[in-house]
Amino acid sequence: MATSTAKVHGHWRLMILFSLVLHLQSSIASAASVGINFGDYFSDHTLTLAQSFTIIKNAGVNQIKLYDTDTAKLQAISQVYGSDPVHVIVDVTNADVKYSADASWASNLVSSLAPYKQIVSYVCIGNEVNKAPEAYPYVAASINAIGSALSSGGFAAKPITTFTTEVVSGFPPSAGKLVPDNTFLGILAALSAQGSPIFVNIYPYFTFMDSLSWPHPIDLSYALGTAKYPVVSDRGHDYTALFDAQFDTVVYALRDGGYNNMQLVIGECGWPTAGDTQGYASVANAQVFVNLMAEKVTKGTPLAPGKYTLYLFEAFDEPKKGPAPVEPHFGVWDHAGSPKYPMNWHSTHLSSSAPELAVELFSEPRSPAESGLGMGHRLLLRGIPVTMPSVALKVRLSLVMCPTLTAENLRSIVAPHRDLSLVSFSMLECPVLELRCRGSTPAAAKDVCSALGADLLLPTSNLYKLLLRSFASDSLLTVAAP
């Protein structure tokens, strides 16, 4: 396959885009980031913990939210990430929240987390506690007890909890109010006293599905975030995405309640790929929605432009989950670890000024028999000045009019390169391959990418070898074919 890409009649174009992803450790509060929820209670455990967290790490994700306090998971994360930065949220289950309000229980929990002090960023008390009557009355006291234990144990981590959007009400967004529930208001006060953010789970999918029984249902494009024109206009803010309106309703409600400075984090957000009879839960819709969510964290919302953190739900499908038929199908990866759709993870880690290497090949053969690197070809290289002590490279390969490219071909090419892993492969409009390359030094990462490039791009061509040797150039280089 590798040597046949040039044998295409007529006009063709080959583009390879190498994006240099610089992972810089920054505070969770200030950085735009997409984290991932990892749950395995309803999993079939096809993957080991090490395999699961390796897939997550290879995707470039370094914020993980768990649904328990299992130290085996923390140990696996520590081993997989090594010295690379990672931030983990552990969770006291709803069933255990009533115990966690006890100071000695809280102290024992925090002691068990001590070996992982450097990676635990939050201890979550319950999940969607406003819908969990067994936990709800104890959450405020638990926040205080666990917060005190964390402080005494020398942790930087804070106690948190998560809510559904039902803790606010009002439409349009500027009418947002906190629900007049004394238990909820007490929890909010406890979070504020600890300097903790509020985590709210937002699911436009479920709101959209509920609206199907309304006199005027929500348009699918608005739920997905792809509406071309504003659906809601409110105090000078135009909304083309339901998520933005839901997010801003929470912000307005917090401000109205006097919590102007409380950080809002999205604890869960996702779209299922199957499970509803109408077909709105689909791979295509999930791909659109989830990738837009990953992009939004760098832009903010109409009311709150800027950066925020969002945890996608979820990493892997959980086949045994219910009761709703869509519940097993929220994974970005399936239960065996295969990506269900292309995911643009790196957009959440790159600034607009991130360095980039672009290589383009244009061909206008003079006759159908012409192929290879003949007259009329030219290559352009925009170099990457590399100064970081370690780098992670992501390779995106788009080939137009290359019918011989298949997933099997790609796996055979990638397999010999131990520092490479296949992130995704798509055959939508044209083949798109995404790989992640990890090198201990910039030179090591470039060597691996050069070797891959030599396999993909006519390894006998001196011109391509010259191009790949010029990878580290920090100036515009034009190479003319002989």
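## Aromatic pairs and the nonpolar core

Across the whole structure, a search finds 20 aromatic pairs; rings of Phe, Tyr and Trp (its six-membered ring) pair if their centres lie within 6.5 Å, and planes under 30 degrees apart count as stacked, over 60 as edge-to-face and the rest as tilted. The model is predicted, so local features need pLDDT of at least 70 and side-chain atom pairs count only at pLDDT 80 or more, whereas totals for chains, interfaces and linings use all residues. Residues are numbered from 1 along each chain as its sequence is written, and side-chain values use heavy atoms, with hydrogens and water left out.

Two of the pairs are set out below.

| Pair | Distance of centres | Angle of planes | Class |
|---|---|---|---|
| Phe-208 and Tyr-280 | 4.8 Å | 90 degrees | edge-to-face |
| Phe-243 and Tyr-308 | 6.3 Å | 25 degrees | stacked |

Phe-208 belongs to helix α7 (residues 204-211) and Tyr-280 to the loop between β13 (264-269) and α10 (283-296), so their pair ties together parts 72 residues apart in sequence. Helices (H or I, at least four residues) and strands (E, at least two) are DSSP runs, numbered from the N terminus. Phe-208 is buried, with a relative accessible area of 1%, while Tyr-280 is partly exposed at 25%. Here, buried means under 20% relative accessible area, exposed over 50%, and partly exposed in between (1.4 Å probe, protein chains only).

The other pair also links distant parts of the chain, 65 residues apart: Phe-243 lies in helix α9, and Tyr-308 in the loop between α10 and β14 (309-312). Both Phe-243 and Tyr-308 are buried. One aromatic cluster includes Tyr-67, Trp-271 and Phe-330.

The largest nonpolar core has 101 residues, of which Ile-56, Ile-64 and Trp-345 touch the most other members. Helix α9 (residues 242-256) gives this core its largest share, 9 residues. Another core, of 7 residues, lies apart from it and has Ile-89, Cys-124, Ile-160 and Tyr-311 among its members. A nonpolar core is a set of buried Ala, Val, Leu, Ile, Met, Phe, Trp, Tyr and Cys residues joined through side-chain atoms within 4.5 Å.

As a whole, the chain has 13 helices and 20 strands. Of its 482 residues, 52% are buried.
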